[in-house]
Structure formats: C-alpha cells, structure tokens
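These are my notebook entries on a single chain. I record below what I looked up, entry by entry.

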Amino acid sequence: MARSVLADAARVARWADTALGPGRGSATADGKATLSDATADQAAGELGLTAVEVRNDWDTARLAGLIEVHGDSARPGWRLRAWNRDDSAVLRGWVALFDAWSLAHPEPAGQEPAAVAEVISAMPQVLSFLQLSAGPVPVAQLLDLLEQRVTELRTERCEVPYGPRLESGTPQPPLAAPLPDAVSDTPLAPLLDWALHAIASVGALTCGDGHATLTPLGSWAVWVKLEQICVAAQSPAGNIEQSAEDMLRGCAQLRPNAARAEYRAWLAARPVGSAVAELLGGARGEDALLRGLAFDALRVVGAPAEPDVRAVLDEPTLRPYALLWLAEHDGADPEDAHEVLTRQEATWLWVDTAAAVADHGEAPLLVRHLESAVQPTVPALLDEVRAVGHPRTVQVLVALAAAHPDPALAKAVRRAAFQVHTGGS
C-alpha cells in the first residue's frame, strides 16, 4: 500500500534523477526546492501529466525522501535507490510523508496560525482514538475530542487570564497573557476537516458519510508511534531527556545490549533527522570515546542515517567511522569492514581509538590495543603513527609507553612521542 501511495512521486523522482542531475538541468532558477515553471512544464510533457500534478508529486517525493535538492540539481534519496530491493525503505518514506501531513496538504488560507498549530499538536490524540476504535468514527465525536485536547493544551500553557492582583494596592500584570480572541474564537470544525482530509491525502485514513476510518497503513503507523512512546518511556538508564553527548557518556559504562536499548529509547523520543544531526555533532567533539559511541548509536538508527553519514565522509575526523558504518550498512561483515579503509585511515582510527582507551580505559587495555594495529611490527606502527597527523598522537604514545611492561618497547614509544612533539624524524 505504501508503494501505491508513493508510486507517482517515485516516478517524478526518477525523472528528476535523469533530467536534473549535475550537468544536465536545473530544478529551479533561484536554487530553491520549488520547481521552476519551465522544469514543471518539461516534466509534464515527458511524463504525460499536468504541471500541477508534477508539482504535487515533486513535493511528495521531497517529503518522503525520494529526492534531494542541492542548489539547482536534484539527486535520488536513499529510499529511491532502495525502492526495488527494500520494502522497509519504501515504508520509511511513507512514514516520513505521514509525519509531514500538514505540509503535504497545507491549511486553507485565512486561518489563524496559532489555531492551526494547536490542531496539529492535538491530532496525535485524535489519531490514537481512531486506532483504538478500529473502525469508522463519527466526525462529530472526533470534533468533541479535538476541542477537549485543544482546551488541555491551552490550559497547560497557562493561557488563562487571571486578572489584576491588588494585594499591594497596585494593579499587577496577569500571571500569563490571555489567549488572543482571534485564536480562542476560531471554530475548530473547519480545521478538523482540513486535518482529516490532509491525513487522507497521504493514505492514512478515509473520510465519508460523516465518518473517518484509519486505513490499515494508517493504523499501523499510529500503532508504531504509540510503541515508540512506550519504548521512550522505558529508558533503562534514564538518559532519554539528555543531550546526545550526555546520553552517550551515560552509556559508556553499559554493556552493549543495554547501551543499544538506551539508544533506542533516546531515538524514539526524537525526530530521526534531528537525532542523527545531534549524534554527529557529538562525534565531532574532542572526546574520541563519544565518536565511537555516536556511530554505534547511528547503527541503531540504520538506513535513515545513511545520507547524513555519507555527507561527513569529507571530514577527516569522522571519515574512518563513516566508512565503516557505510560498509556494514551495505552488508559487509563487521569483522571485514575495516578493509574499506586505506592504511592511513586505519592508522588514524587506531590512534583515535587509543585516545579513547587512554582517556577512559585501563592500562592493560591500551597495551592490548597494539594487537589491533594493521602494521606488522611496532616500529612500522610508530613510523605511520608519526606521519598520520592525529592531534592526540603524543598523548597516546606517552600513555602507551607508561603502560607497556617491556622496557625496550616503552623506550621506543617514548622516543616516537618526543619526535612527534618536537617535529623531528
């Protein structure tokens, strides 16, 4: 069913990949994501559609992640590339469209923005009621529920005029500003009608005869959202409200399975896009341990993180981690994924991992880390470590020299650290 909802959008996305790729044509004249008139007319002529249909399908493709616009060029999103081989990619694309229902079918002109925002915030409860009802529900009943939920939202924001206080003899300002009359007087029935038809336009429900009914796809989506809320509420270590960095630090001492459960709970409470961006932000910091943990958390995210992970390949600090992540995502055995790294990248990663061990681990673990180096001998490793230019090289070598039980090897490592520190050879 998700494929049928997105079929027209996928068709336009494939056309855009062919016609608007780098060096071929431009989607817009101003670098924005809206199709220019000329491009819409070109697509309409080649696909046998109207320009309006092309624009609608284009917007759907963008919301579903089937197409990505970069400047004047368009390229296929990961979901389009996986369209023929991965049903879950298609389903994720539809879920992204479902989440963006208010953008896919904008509200009627002239509505109060604050009232529209309240209805959007209240609709999850309406959808949950539809899911629990498992059948047609009168729109009048949904309107009652919507009005109750909007009232609750206003109360939670304390948008109730308390009036002046005269305790000190001087009128005081209200505890909170009263809700503007234009918002409080906005009838919700037209906005509910818009919301239901907008959600119907993405294939999540049907409307007719004064009733609304979730489609099987819509019922599944709402059930998944409810499940995510339950998962988020069961954060094992209580890090769900923390920033990405603090959450990762909280997971540093957990066993792998427990850490993954914590990642899942933290991710379930956030939109995927912002969660991935926050994890990558944490990975860019100075703490090498957080770098590794951030990419472990991104493995829990899976395919939706691919575009963002691919985008950091040009960042030297993140490139080795990103290459390993992409190799595993493409099906490589984790034991063999390191083969995608160049010798220099592998050496840089060795130093970065050693920095994490030196900062957070124990001395014997740092000594054992020597065994993971790709170089066959310690002198070869030291030569390449000196050349790789990692900012923590000196600290890593000094810590390794202090930890290693072999005096001769420790002396060689200290000499290498001194050479890096002084810039010698």
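**Entry 1: helices H17 and H18**

I began with the contact between two helices: Arg 319, Pro 320, Tyr 321, Leu 323 and Leu 324 of H17 meet Glu 345, Trp 348, Leu 349, Asp 352 and Thr 353 of H18. I note at once that the model is a predicted one. Sorted by class, this contact of H17 with H18 holds six nonpolar residues, one polar residue and three charged residues. I then looked up the geometry: H17 covers residues 319-329 and H18 covers residues 343-360, and they pack at an angle of about 105° with their axes 9 Å apart. Angles of 65 to 115 degrees count as roughly perpendicular, and H17 and H18 are therefore roughly perpendicular to each other.

**Entry 2: helices H12 and H15**

I next turned to H12 (residues 244-251) and H15 (residues 288-301), which pack at an angle of about 95°, with 10 Å between their axes. That angle makes H12 roughly perpendicular to H15. On the H12 side I listed Glu 245, Leu 248 and Arg 249, and on the H15 side Leu 290, Leu 293, Ala 294 and Ala 297. The contact of H12 with H15 has five nonpolar and two charged residues, and no polar ones.

**Entry 3: helix H13**

I checked the length of H13, residues 256-268. Its 13 residues reach 18 Å from the first C-alpha to the last, close to the 18 Å expected at 1.5 Å a residue. Which residues of H13 are buried? I found Ala 259, Glu 262, Tyr 263, Ala 265, Trp 266 and Leu 267.

**Entry 4: the chain as a whole**

I counted the secondary structure of the chain as 22 helices and five strands. Of its 425 residues, 42% count as buried. Considering contacts between residues at least 6 apart in sequence, I found that 63% join residues at least 24 apart.

**Entry 5: nonpolar cores**

I looked up which members of the largest nonpolar core, with its 61 residues, touch the most other members; these are Leu 66, Trp 94, Phe 98, Met 123 and Leu 146. Helix H1 (residues 2-19) supplies the largest share of this core, nine residues.

Is Ser 102 buried or exposed? The relative accessibility of Ser 102 is 17%, so I count this residue as buried, the cut-off being under 20%. Ser 102 sits in helix H6 (residues 101-104). With neighbours within four places in sequence left aside, I find Ser 102 in contact with Ile 120 and Trp 194.

I placed Ala 51 in helix H3 (residues 51-63). Ala 51 is partly exposed, at a relative accessible area of 24%. Which residues does Ala 51 touch, not counting residues up to four places away in sequence? I listed Ala 40, Asp 41 and Ala 44. The C-alpha atoms of Ala 51 and Ala 40 are separated by 5.3 Å, although the two residues are eleven residues apart along the chain.

Pro 364 belongs to helix H19 (residues 363-369). I found Pro 364 partly exposed, with 47% relative accessible area. Pro 364 and His 404 are 40 residues apart along the chain, and I computed 8.0 Å between their C-alpha atoms.

**Entry 6: positive phi in two loops**

I looked up backbone phi last. Most residues other than glycine have a negative phi. Ala 134 is not a glycine, yet has a positive phi of about 55°. I located Ala 134 in the loop between helix H7 (113-133) and strand E3 (137-138). Ala 134 is exposed, with a relative accessible area of 70%.

Asp 209, which is not a glycine, likewise has a positive phi of about 55°. Where does Asp 209 lie? I found Asp 209 in the loop between strand E4 (205-208) and strand E5 (211-214). At 79% relative accessibility, I count Asp 209 as exposed, the cut-off being over 50%.

Notes:
Residues are numbered from 1 along each chain as its sequence is written. This is a predicted model: local features need pLDDT of at least 70, side-chain atom pairs count only at pLDDT 80 or more; totals for chains, interfaces and linings use all residues. Side-chain values use heavy atoms; hydrogens and water are left out. Axes are lines fitted to C-alpha atoms, for helices over the stretch in contact, and angles run from 0 to 180 degrees between N-to-C directions. Helices (H or I, at least four residues) and strands (E, at least two) are DSSP runs, numbered from the N terminus. Angles under 35 degrees count as roughly parallel, over 145 as roughly antiparallel, 65 to 115 as roughly perpendicular and the rest as oblique. Contact means heavy atoms within 4.5 Å. Ala, Val, Leu, Ile, Met, Phe, Trp, Tyr, Cys and Pro count as nonpolar, Asp, Glu, Lys and Arg as charged, and the others, Gly among them, as polar. The expected span of a helix is 1.5 Å times one less than its number of residues. Buried means under 20% relative accessible area, exposed over 50%, partly exposed in between (1.4 Å probe, protein chains only). A nonpolar core is a set of buried Ala, Val, Leu, Ile, Met, Phe, Trp, Tyr and Cys residues joined through side-chain atoms within 4.5 Å.
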